[in-house]
Amino acid sequence: MNSRCGILLMCLGLAACQGSNPYVATSKPLPPAPPGAANVFDRSAYPAPPRDYGRYRSWAWRDGRLPPGTAFADSAQVAEAVSSALDQRGLRPLHDNRPADLFVTADMRVESRVRQVRDDYYDGYGGYGGYGGYNRYGRGYGNGYGAYASVPIVRTYQVQVLVVRVDLFDAGSGQPVWSASAETDTKGSQSNRADAIREAVEKAMSAYPPS
């Protein structure tokens with residue numbers, strides 16, 4: 001009797017599996033493409049090609065303006081230092097109406113920096129160590145002892161530094177192509193100031209052209 005009930009339940013299960021599935025997959029048709037979609041190129045979907053810095057051969061000041069002068073140095077000193085650094089990298093200035101490859105801007109300012117210096121002073125005490133050493137208590141020869149302790153002293157002071165920033169722009173598109181800044185300690189005399197300007201500009205231009 002139990003076997004007949006089991007066979008009956010199995011038959012009912014198979015009949016249920018062969019019934020129609022109430023879930024039907026449906027989909028709506030895709031909307032039509034917007035007009036002109038095939039003729040539009042999305043540049044943001046692709047990485048920008050590497051910039052060819054070798055094609056830049058000439059330069060001019062952007063909007064024809066020299067770098068602004070400051071109380072530290074006049075405009076001509078900054079312009080001369082930047083022009084010399086560009087010339088060392090194969091970029092020649094244009095002084096006529098021909099279009100340049102690059103537009104250049106430069107800015108110089110003096111800023112304050114807080115510096116710290118740590119000095120370690122050693123405080124020694126005790127006698128001479130080792131066998132037979134003469135101790136410091138005047139008791140003749142014997143085993144001495146000694147120790148040294150360092151006492152750190154931190155000195156804080158403020159200095160003036162010269163900060164120079166150089167920006168290069170593509171003359172055709174107007175887009176920025178390179179920028180860098182650097183700083184150096186200011187000097188006292190006028191001749192030393194000119195050296196500081198050249199040093200700061202050279203530091204800023206040291207990474208051009210980027211590899």
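**Salt bridges, helices and buried residues**

Biologist: Which residue forms a salt bridge with Glu111, the closest N and O atoms being 2.5 Å apart?
Modeller: A salt bridge here is a side-chain nitrogen of Lys or Arg within 4 Å of a carboxyl oxygen of Asp or Glu. Glu111 is partly exposed, at 23% relative accessible area; buried means under 20%, exposed over 50% and partly exposed in between, using a 1.4 Å probe and protein chains only. The residue that pairs with Glu111, with closest N and O atoms 2.5 Å apart, is Arg109.

Biologist: What kind of model is this?
Modeller: Residues are numbered from 1 along each chain as its sequence is written, and side-chain values use heavy atoms, with hydrogens and water left out. Local features need pLDDT of at least 70, side-chain atom pairs count only at pLDDT 80 or more, totals for chains, interfaces and linings use all residues, and what you're looking at is a predicted model.

Biologist: How many salt bridges does the count come to?
Modeller: Some of them join up: Asp107, Arg109, Glu111, Arg113 and Glu183 are linked in a network. By the rule above, the count comes to 12.

Biologist: How many residues apart in sequence are the parts that Asp185 and Arg115 tie together?
Modeller: Helices (H or I, at least four residues) and strands (E, at least two) are DSSP runs, numbered from the N terminus. Asp185 makes a salt bridge with Arg115, and their closest N and O atoms are 3.4 Å apart. Since Asp185 sits in strand 5 and Arg115 in strand 3 (residues 102-126), the parts they tie together are separated in sequence by 70 residues.

Biologist: In what order do the elements run from the N terminus on?
Modeller: The protein has three helices and five strands. From the N terminus on, they go α-β-α-β-β-β-β-α.

Biologist: How far apart are the end C-alpha atoms of helix 3?
Modeller: The expected span of a helix is 1.5 Å times one less than its number of residues. With 16 residues (190-205), helix 3 should therefore span 22 Å, and the model agrees with that, at 23 Å.

Biologist: By about how much of a turn are Arg198 and Asp195 separated?
Modeller: These two form a salt bridge, with closest N and O atoms 2.3 Å apart. Arg198 is partly exposed at 46%, and Asp195 is partly exposed at 39%. Because they're three residues apart in helix 3, the separation is about one helical turn.

Biologist: Is Asp167 buried or exposed?
Modeller: You'll find Asp167 in strand 4 (residues 146-170). Contact means heavy atoms within 4.5 Å, and beyond its neighbours within four places in sequence, Asp167 is in contact with Phe103, Val104, Thr105, Trp178 and Ser179. Its relative accessibility is 15%, so Asp167 counts as buried.

Biologist: How far apart in space are Lys187 and Leu162, C-alpha to C-alpha?
Modeller: Lys187 is in the loop between strand 5 (176-185) and helix 3, and it is partly exposed at 35%. Not counting residues up to four places away in sequence, Lys187 touches Phe72, Asn192, Arg193 and Ala196. Lys187 and Leu162 are 25 residues apart in sequence, and in space their C-alpha atoms are separated by 9.2 Å.
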